[in-house]
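Dear colleague,

I am handing over the structure below, and after it I set out what was found. Please read the notes alongside the coordinates.

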Amino acid sequence: MASILFEIKDAIGIITLYRPDKLNAFNREMALLMQEKLDECKNEEVRCVYITGAGKGFSAGQDLAEVTEPNARGFDRILSEHYNPIVQRIRQLEKPVVAAVNGVAAGAGANIALCCDIVVAARSASFIQAFSKIGLIPDSSGSYVLPRLIGWQKASALMMLGEKVSAEDAERIGMIYKFFSDETFAENTMNIAKYLSQMPTKGLAYTKRLLNSSLTASFEDQLKQEDIFQMKAAQTEDYKEGVKAFMEKRIPSFKGK
Ligand code: T3D
């Protein structure tokens, strides 16, 4: 059985991390397959990506059994070949990526989720910066993303103490967007993906580009970027449809063009 399940349904690319007996810990095969599936999501027919985990966990991060094998890859290669290409693909994909965190998300598993555009979780899910407990540093963009999400002090404490954060607390401190009850999690999170998949995809892609640049740009530079991308958005068919539908008092039908 492949360690990543993938299907495209109703314009949503659904990626399911699938090593349930290992809490979907990443081995090399799974990391490379995830990159491959994220690349398939570049296809125009995909207008939103939904990432979740099979079984009771989202992902426990790096498969620690694999790194202790006699011929294990060096750390430099694990990050540059496994995790960095995953988080880079997520940030560069020109469509929204939803992380639907169904259970525990630890180490690289947590940080891959946190770099997605919208992070939603089940009430019983949790987030752990597990790295410090085994003598590692936060990777998979965590050292960049987490302080920006929750502030330097809280990020620093979570990264050093490695404490488990409940979904409820994660929402409260702004680490994630929302949590849902375990019973309604699948339906509610898929509804978010369905809604996004019917929105003006190019406008969302430009919004994502702006959010990416806002992390480092100056105020003046960001205004210039808004100028550029608003002009691009105004040239899309979906913008024309949005305004037309508003004037005609009907629901717009966006095509992602
Ligand atoms: O080279 C490099 O490593 C660089 C890259 C680093 C990136 C990273 O992600 S480093 C961080 C690696 N992850 C961890 O340190 C987390 C380790 N796991 C845990 O701390 C706990 O499993 C959890 C807190 C995530 C969940 O705890 P719990 O009690 O719900 O489940 P469990 O019983 O510990 O785990 C269930 C099974 O999954 C168990 O297998 P078994 O005994 O039933 O056969 C456990 O060994 C396995 N498992 C969980 N995490 C991993 C794992 N197997 C391999 N690797 C794991 N990371």
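Two strands are said to pair if DSSP finds at least two bridges between them, while helices (H or I, at least four residues) and strands (E, at least two) are DSSP runs, numbered from the N terminus. This is a predicted model, in which local features need pLDDT of at least 70 and side-chain atom pairs count only at pLDDT 80 or more, whereas totals for chains, interfaces and linings use all residues. Residues are numbered from 1 along each chain as its sequence is written, and side-chain values use heavy atoms, with hydrogens and water left out.

Strand β5 (residues 97–101) pairs with β3 (residues 48–53) in the parallel sense over four bridges, and Thr-52 stands opposite Ala-100 of β5. Four bridges also join β5 to β7 (residues 118–122), again running parallel, with Val-101 opposite Ala-121 of β7. Five of the five residues of β5 are buried, so the strand is largely enclosed by the rest of the structure; buried here means under 20% relative accessible area, exposed over 50%, and partly exposed in between (1.4 Å probe, protein chains only). Val-97, Ala-99 and Val-101 point one way from β5, and Val-98 and Ala-100 the other.

In helix α10 (residues 219–234), Gln-222, Phe-229 and Ala-233 are buried. Seen down the axis of α10, the buried residues fall within an arc of 50 degrees, so they line one face of the helix, the arc being that of the directions from the helix axis to the C-beta atoms. These buried residues pack against α9 (201–214) and α11 (237–247), where contact means heavy atoms within 4.5 Å.

With best regards
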